[in-house]
Amino acid sequence: MSEAELPIELDRESSVSLAAQVANQLRAAILSGILQPEHTLPATRRMASDLGISRGVVVRAFEQLSGEGFLESSGAGGTRVAVRPDIQRPPKKEQYPNRGTETADQIDLTPGRPSGSPFKDREWRNAWKKAISEQGNTHLPPALGTVELRKAVAGHLAVSRGLAVEPEDVIITGGTSDALHLIVSMLRTGGANPRILLEDPGYPRARSVMRAAGAQLQTVPVDEDGLRTSQLAALEDIPDAVLITPSHQYPLGGRMTVQERLGLLKWADQHNVLVLEDDYDSEFRHSRMPLPAVAALPTNAEVVLLGTFSKNLSPWLRSGYLVVRGESGRGLKALREALDTPVAGVLQSALAHYIQAGGLSRHITRARREYSHRRALLIDRLGTRQDLELGALEGGLHAVIRFREPNATALAAEALKKGVRVIPLAGYYADRPPVNGLVIGYGAVTDLQLSEALNVLGNLLDAGPVAED
Ligand SMILES: Cc1ncc(COP(=O)(O)O)c(C=O)c1O
């Protein structure tokens, strides 16, 4: 009898008690057929620890549902879903139905999609109520960002990254893409197309945005630990800027040591290279302590830190920030003012209220727990397989699996037919021979969906090479 992985999400700000929320969601799962009579529920102790609540809350929810006849105790076998002929359940779905195209019930493991939970929290709604009540404002928002949000970002960076930042050093952006566009435009001010050095593999959108903005790209092959000083020393052409993901190499997942960070800064200072630190998800560390940001290390080199709300809140907000200093900082601010392309005032205001009320840090704490739980599920299901290497697990909301066979593109196509969207690792490489593997985003799916998706992937890996059509 299979034990259920339960798709429960709790809203700690809700006026509905936690026990009632657990009971309501279990009841809904039974009525909709997600939980079937053969399903055994996890032990109350385990479920309580998974959900981060006390065991008494789970016991109360189980008692409520047993009283209603939805659950029954099977002695030492635990608690299971009761057989209720009076309940019309939808027929149990074929486990992996064929779905050729994207559908609403597709399990999407595209990386970069975070948990949707912040939008359910009361602090988020309160922040928007306050922001909307300020709509009497009739002026344009300031091009560099509102004072309140710049202060809130500086405060958040102090707490979450140990970074001493003055609000005047912060520019509010429409996310990393907007920030990269601004940086390339600033470097173009002299006339020539700037040369930017990038890690390979790396973030494909960073490449496409910078190319579209007029940069010439130069890539260096890296492993999970990112760029090495020895690679920089061997470069024949010195770039104008270097874009790095030192805290969590994207997508391979390791990090640059402090030694390598200092080496990079020394090289950047010697050659007058602008360092662009993409600090996209450093709040989500699962095992080791975070290292200081490159922007926090002592140096005469100029460093721009790029932050985003896409991972710690939602890409739907399309917003982020830059931390700038020195000559490049003055150039970036002057250009931003001249272009007058600010982020919507109402969004900035809501974000500022949310951060100041502590909503963002509480959401990050909750999301970190959610992600570590799913990461544990991934390790549990794939970690012991001899035919693959599981990586990028130290932080963030995605993992990488590398394997010899089958071909990852063919495997992803087969998985899509079975309702699971995964992205081949090869797509992250600019011009190096691609490595066979997949990038698995686990931020936006429930435990149950992740578990189903891992079954599909496990079966496809077991089946070996995929026949070409
Ligand atoms: C490496 C990296 N940097 C930054 C971002 C965020 O970009 P944006 O702020 O434009 O959404 C992502 C999103 O997936 C990313 O993977």
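In which loop is Pro251 found? Pro251 sits in the loop between β7 (241–244) and α9 (258–271); helices (H or I, at least four residues) and strands (E, at least two) are DSSP runs, numbered from the N terminus.

## Before you start

Welcome! This is a predicted model, where local features need pLDDT of at least 70, side-chain atom pairs count only at pLDDT 80 or more, and totals for chains, interfaces and linings use all residues. Residues are numbered from 1 along each chain as its sequence is written.

## Domains

The protein is assigned domain 1 (18–81), domain 2 (107–113 + 362–463) and domain 3 (120–357), with bounds that come from an automatic or database domain assignment. Between the C-alpha centres of domain 1 and domain 3 there are 44 Å.

## Around the ligand

The ligand is surrounded by 13 residues, the closest being Gly112, Gly175, Thr176, Thr308 and Ser310. Here a residue is near a molecule if its C-beta atom, placed from the backbone, lies within 6 Å of it. This shell has four nonpolar, eight polar and one charged residue (Ala, Val, Leu, Ile, Met, Phe, Trp, Tyr, Cys and Pro count as nonpolar, Asp, Glu, Lys and Arg as charged, and the others, Gly among them, as polar).

Helix α6 (residues 176–187) and helix α7 (residues 204–212) pack at about 35 degrees, their axes 9 Å apart. Axes are lines fitted to C-alpha atoms, for helices over the stretch in contact, and angles run from 0 to 180 degrees between N-to-C directions.

By type, the contact of α6 with α7 has five nonpolar, three polar and one charged residue.

## An open sheet

Four strands make an open antiparallel sheet in the order β11-β12-β15-β14, where two strands pair if DSSP finds at least two bridges between them. β11 (388–391) and β14 (423–424) are at the edges with a single partner strand each, so one side of each has no neighbour in the sheet.

β11 pairs with β12 (residues 398–403) over four bridges, and Leu390 stands opposite Ile401. Six residues separate β11 and β12 in their hairpin, and Ala392 in the turn has a positive phi of about 60 degrees.

## Backbone details

Most residues other than glycine have a negative phi, and most peptide bonds are trans. Tyr250 and Pro251 are joined by a cis peptide bond, with omega about 5 degrees.
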